[in-house]
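Here are my notes from a look through this one, jotted down point by point. Have the structure open while you read.

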Amino acid sequence: MVTTTRWRARVPRARSLPDVLAFLRTLDPDARLVVPPGPPGEAPVIDGITLDSGAAAPGDLFAGLPGTRRHGAEYAVDAARAGARVVLSDRVCLVLPTLVVAAPRRVLGPLASWLHGDPSAALDVHGVTGTNGKTSTVHLLAAGLRAAGRRVGWAGSLELRAGDRARVAERTTVEAPAVQEFLASARDAGADDVALEVSSHGLALDRVAGTRFRSAVFTNFSPDHLDLHGDLESYYATKASLFTPDRCELAVVGVDGEAGRRLAGETRCPVVTFAAGGGPADWRALDVHAGITGTRFRLCGPGVDRQVRLRLLGAHQVDNVLAAVATAAAAGVDPDDALRGIEEVGVVPGRLERIDVGQPFLALVDFAHNVGGQRRLLPFLRSLTGGRLIVVLGATGERDPAKRADLGTYVGAQADVAVVTDESAYSDDPAALRAAVADAAQRVGRAEVVVEPDRARAFAVAVAAAAPGDVVLVAGRGADRVQVSAAGRREFDDRIALRRALVERAAQAWDAPVAG
């Protein structure tokens, strides 16, 4: 069972404050210690590290980092009340001794790694980055490694799992202290390998700094997160920063796209390539057939030429299988063993996950939250039906504003019905988000566009519109369990809500759409 509470891994050996300062000076020679005025207290000893004041525990070092709205150092009082003994920041905090450095985020990962005994040195860590496919690749890689007898931990947008301990992930790549804490937990649980999703935010914000990767995997590349990176070149450079000899031993690169081919040519790491589009690569997929019951293809690689039959839906999963097999093989696993485990995977949560209560049409939940993801899915879903394609979509707030219209434009061109609703607006105006998507979809002039702010009612509208043979896709959130707006947070799982809508619709005849 996955818990929602945070679990902690204490450091293997408590460190004195002078030892911590000495280590920081290997990263920042100007690091200094500022002690609050007053009589000297007991010399602090550090046996934990966090940047969440609400999760601080006695003996912790609390990292107060600059934020987009508030500075983390403002929460030092709360951390001190919880038992934190020291602050790491770029500003002095008078409530506790402060380790002052110019760029605290940059040193936080290496510091957390050092405190936890350099856990990535004891593991084969496989980092998976790319615009789409990270979660599926991590799950498939973990399944392949487990089938070969390896003990595997994994972490990403769905959960963090180390041995028999697991918790829900709050983001694709957790903050640096939590990454090192997770790796230490995996090490202490006896893991051989860890599969880790590495987002562009995780790279840009140094969340995986201090981690040594046995392999780094590049899935694909398309526009996304430009609110953070500014332009495509910066976004590419952020992804490419993982593929350097000081960070990883091997690059596993998908070369179907121009960015992957560029990366394979630019990296100074040894390279293994894969391609599902028929081009030259070390690992290739041929004769791909994707249907309503699964996907099959011919896999060709070093010493391997065999048929693969997946239970997973969608030709895009072939790319993810190639990435997983190439990575497992490079880690010394027999590809046939890895494929045996991969072929047994029935679903990756929230990734083209089928919701079935006996309805005569296909209903699916997927994470497709950008146009790259839509392009991988919608043509395939169209191929499954001679009826209508009905898509529920929206736009997440506090993200690249330019992609909102793009989402609406592509769905408006591909779907027969587009139901525009709220995702997680965060601090943005939900009505403005809906309007950006819906207006773009309507301008295409192909799909019927319905706007329903309430997400659960939007599902009911989509299900009510469906007739036998249609396809209903709920896109954008996948297996996320929480919806966030300016009004607060609420539990909302698209899979549960869609199932509820289908059950309610089942009370009426299935042979025709009903009034929504």
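1. Which residue in S5 does Ile49 stand opposite? Its counterpart there is Leu61. Keep in mind as you look that this is a predicted model. The strands involved, S4 and S5 (residues 60–64), run in the parallel sense and are paired over three bridges.

2. Step back and you'll see the sheet around that pair. It is an open one of five strands, in the order S2-S7-S6-S5-S4, and the pairing is mixed. The edges belong to strand S2 (32–34) and strand S4 (48–50); each has a single partner strand, so one side of each has no neighbour in the sheet. Going from one strand to the next, the twist averages 25 degrees. Helix H3 (residues 104–115) packs on this sheet and touches S4, S5 and strand S6 (86–89). The direction of H3 makes about 135 degrees with that of S6.

3. Now for the annotated stretch. An unreviewed UniProt entry carries a "binding site" annotation that covers Gly130, Thr131, Asn132, Gly133, Lys134, Thr135 and Ser136. Gly133 sits in the loop that links strand S8 (124–129) to helix H4 (134–147), while Lys134 has its place in helix H4.

4. Are Gly133 and Lys134 buried or exposed? Gly133 has a relative accessibility of 18%, so it counts as buried. Lys134 is buried as well, with a relative accessible area of 11%; the cut-off for buried is under 20%. Leaving aside residues up to four places away in sequence, Gly133 touches Thr219, Asn320 and Arg376.

5. On to charges. How many salt bridges turn up in a search of the whole structure? The search finds 27. One of them joins the side chains of Asp78 and Arg81, at 3.6 Å from N to O. These two are three residues apart in helix H2 (residues 76–81), which means that about one helical turn separates them. Asp78 is partly exposed, its relative accessible area being 35%, whereas Arg81 counts as exposed at 68% relative accessibility.

6. Another salt bridge links Arg306 and Asp336, with 3.3 Å between the closest N and O atoms. Why does this pair tie together separate parts of the sequence? Arg306 is in strand S18 (residues 304–310) and Asp336 is in helix H11 (residues 335–343), so the parts being tied together are 30 residues apart in sequence. Arg306 counts as partly exposed at 21% relative accessibility. Asp336 is partly exposed too, with a relative accessible area of 41%.

7. Then there's Arg446 with Asp416, a salt bridge whose closest N and O atoms are 3.3 Å apart. Here both partners are in loops: Arg446 in the one between helix H14 (430–444) and strand S23 (448–451), and Asp416 in the one between helix H13 (402–414) and strand S22 (417–420). The pair therefore ties together parts that are 30 residues apart in sequence. Arg446 counts as partly exposed, at 43% relative accessibility, but Asp416 is buried, with a relative accessible area of 18%.

8. One last thing to click on.

Notes
Residues numbered from 1 in each chain as written. Predicted model: local features only at pLDDT ≥ 70, side-chain atom pairs only at ≥ 80, totals over all residues. Heavy atoms only, no water. UniProt positions renumbered as here; feature names shortened; annotations may be inferred. Helix = DSSP H or I, 4+ residues; strand = E, 2+ residues; numbered from the N terminus. Buried < 20%, exposed > 50% of the residue type's maximum accessible area, 1.4 Å probe, protein only. Contact = heavy atoms within 4.5 Å. Pairing = 2+ DSSP bridges. Axes fitted to C-alpha atoms, helices over the stretch in contact; angles between N-to-C directions. Salt bridge = Lys/Arg side-chain N within 4 Å of Asp/Glu carboxyl O.
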